[in-house]
Amino acid sequence: MRWVNMRLSRSQRILLGAIPIVLVLAIYLFAASQRHAINPSDKLLPLPGAMIDAMGTLIFKPDPLSGDYLFWSDTLASLRRL
């Protein structure tokens, strides 16, 4: 039987679909940790903790100048444009 004509089970399809995502995530985490070992203030590849902190700031803390929650106001502006 040719590889193109193979029928995969549901669990095999899920596993094959998850492999590239897990691989990209592992490469990203490895590269980010290597960059932060050299330069702790590196912002090109942030670590997951820094991303979570930044999203928490954008979502839950109002902007000091405008008083708006930047994540929500920017999201609504983008949705209006669509």
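**Close-up 1. Contacts of leucine 70.** Once neighbours within four places in sequence are left aside, leucine 70 is in contact with Leu58 and Asp63, where contact means heavy atoms within 4.5 Å. The model is a predicted one, in which local features need pLDDT of at least 70 and side-chain atom pairs count only at pLDDT 80 or more, while totals for chains, interfaces and linings use all residues. Residues are numbered from 1 along each chain as its sequence is written, and side-chain values use heavy atoms, with hydrogens and water left out. Leucine 70 belongs to helix α3 and is partly exposed, at a relative accessible area of 30% (buried means under 20%, exposed over 50% and partly exposed in between, with a 1.4 Å probe and protein chains only). From C-alpha to C-alpha, leucine 70 and isoleucine 59 are 6.9 Å apart in space, although 11 residues apart in sequence.

**Close-up 2. Packing of helices α2 and α3.** Helix α2 (residues 48-60) packs on helix α3 (residues 70-81) at an angle of about 75 degrees, with their axes 5 Å apart; axes are lines fitted to C-alpha atoms, for helices over the stretch in contact, and angles run from 0 to 180 degrees between N-to-C directions. This makes α2 roughly perpendicular to α3, a term that covers angles of 65 to 115 degrees. Met55, Leu58 and Ile59 of α2 make the contact with Leu70, Phe71 and Trp72 of α3. Helices are DSSP runs (H or I) of at least four residues, numbered from the N terminus.

**Close-up 3. The salt bridge of arginine 35 and aspartate 42.** Arginine 35 forms a salt bridge with aspartate 42, and their closest N and O atoms are 2.8 Å apart; the term requires a side-chain nitrogen of Lys or Arg within 4 Å of a carboxyl oxygen of Asp or Glu. By this rule the count is 1 salt bridge. Arginine 35 is partly exposed, with a relative accessible area of 34%, whereas aspartate 42 is buried, at 12%.

Definitions and conventions
Helices (H or I, at least four residues) and strands (E, at least two) are DSSP runs, numbered from the N terminus. Angles under 35 degrees count as roughly parallel, over 145 as roughly antiparallel, 65 to 115 as roughly perpendicular and the rest as oblique.
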